[in-house]
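Hi everyone, thanks for coming. Let me put today's structure up on the screen, and then we can walk through a few places in it together.

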Amino acid sequence: MKFSEIVAQTLTWLQRDGRVSYRALKLEFDLDDDTLDALKEELLFAHAAHVREEGPGLVWTGAAFMAGASSLVVRTETSTQLPASGTIPSRPQSSALSPQHSSAERRQLTVLFCDLVGSTALSAQLDPEELREIVRAYQQLCSTIITRYEGHIAQYLGDGLLVYFGYPQAHEDDARRAVCAGLEIVEALRQRGAGNGQRERQRSLQVRIGIHTGLVVIGEMGASGRTEQLALGETPNVAARVQGLAEPNTLLISAATHRLVGSQFEWQPFGSHLLKGIDIPIAVYQIQGERQDLTPNTGHSTPLVGREQEVGLLCERWEQVSDGRGQVVLLTGEPGIGKSRLVQTLTEHVVSEGSLALEAHCSPYRQNSAFFPVIDALQRTLFTRDDATAIKVGKLERALVLYDLPDALPLFASSLSLPLLTDTPPLPMTPQKQKERTISALVQWWLTQAERQATVSVWEDLHWADPSTLEFLTLLLEQVPTSRLLVLLTARPEFISPWPPRSHFVTLTLNRLGRRQTEAMITKVAGAAALPADVRQQILAKTDGVPLFVEELTKTVLESVACIGSMGSSARLAIPNPATLQDSLMARLDRLNAAKEL
């Protein structure tokens, strides 16, 4: 079992039971002392907000406790059916296992509804005990994946799951987290059912997944000591209806969710459907996978405002790189302040000159995966989504010859999870030595590319970087001054740079826009539409100089038919918070902890 899987399962265990002893962890996962210490360090560092040490074990301090698979009551109907009323049935659970909130709250939620396909046929083929074992394994697999994306399993509905993303802890990308989790569940079950024998076919499972985003009121429901935290409103019901439209092993999302994540995934229209209980047809989309050319800037065409000095500095550093003097720039700032927009501006300039831009993105879901942004960047550079394993190995071999690294094939194949087709012996080295050689080979790859062509190497969101990636960057940055490489890093203020100041290393902190700059941005976003002065004043007051907020709020005003129809009498106009910002704003509120209710 991989270390990241042990971390994920331990988090699930802690959420379920509230605490676990170190001795129990050693027995459960057969850990030696060094691995147990590494697990303890990882949990207390990476999940400090939710886990603390107490005596001989760990205690869960987060708000979300999930009912675990060990307490499930397995049901063998064909699927999880909704009653005629359209309300999702509840499974009573102890209030001690639910997030503790004293009152209901109104918030945007992305709801994922997952249901097994053909469970009745499966129950006819298997002994009840074997069926129970299979369904429990399926639920554990789903729970592990959902926990990794910090979703909350609100209910186990027999062989179905009702999952909330955005409660009890909101994230700025909850819709994306839900879709990623759904894709991973489908792929994990597809791989588990890839066997050829009769037993593998019997054990193969398929699911249908539906996702919808919308406003709910969530709080404690129930009576007589049997209560649970439930989201009320049409959002869960729409998610369940969308799930009912899906084919086996497919994921469908509603138009509301598509508006939030459509630019980040490969998708195709699934038509408009009149769902039971919903008066108007709802457009539905089938998600096929993540986009390989994904960048955070997708869809942002707003002209850059108020960053002339920063753009000038980046262009100046690029000119030095073109002359053979490598440079490093670290852009820091709060979410939405425009870091990615500046990166986009520079990379467009570099590419227009015929130079190369390599992009790597750290992920909040992969902080425990060694070299994740490096591996992801290599996969997007070398392979296409439809490449078979043999084709990938061939492409990797040719690339390594091109970069004078033919002997590093076993290292790269191991990192990229590719089986070698030749009789290559196992790597005769310790894991630490393999890691050191992998870092050295990766640095040579980047430097060789820069020797052939001046290159911008972008590393986004370093606050989510795994330790191995930071080790690689440390070694790479030491070699930058004598290369034709501009390393452009971005991070939020909480990132503490491990690199000392050097003449070739500059840190650039982005501040909020001033009033004049904000007004200029509103004008550029509004285009030909003339917004009244009082509406502009509301946008200025609400956005507080954060460029992303300015852009999205102005777009919301422009899309409001009521606003456009009453431009002359807009003094009392109530501008709603855009759906694109709801998750981000709620995430900021949730981080206030005790001050949130105030």
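Let me start with a definition: buried means under 20% relative accessible area, exposed means over 50%, and partly exposed is in between, with a 1.4 Å probe and protein chains only. This is a predicted model, where local features need pLDDT of at least 70, side-chain atom pairs count only at pLDDT 80 or more, and totals for chains, interfaces and linings use all residues. Residues are numbered from 1 along each chain as its sequence is written, and side-chain values use heavy atoms, with hydrogens and water left out.

Cysteines, then. Cys315 has a relative accessible area of 23%, so we call it partly exposed. Cys142, at 0% relative accessibility, is buried.

Next stop, Ser584. You'll find Ser584 in helix α21, residues 579–590, with helices being DSSP runs of H or I of at least four residues, numbered from the N terminus. Ser584 is buried, at 10% relative accessibility.

Last, please look at Asp37. This residue sits in helix α3, residues 33–46, and is partly exposed because its relative accessibility is 47%.

That's my tour; over to you!

Technical notes. Helices (H or I, at least four residues) and strands (E, at least two) are DSSP runs, numbered from the N terminus.
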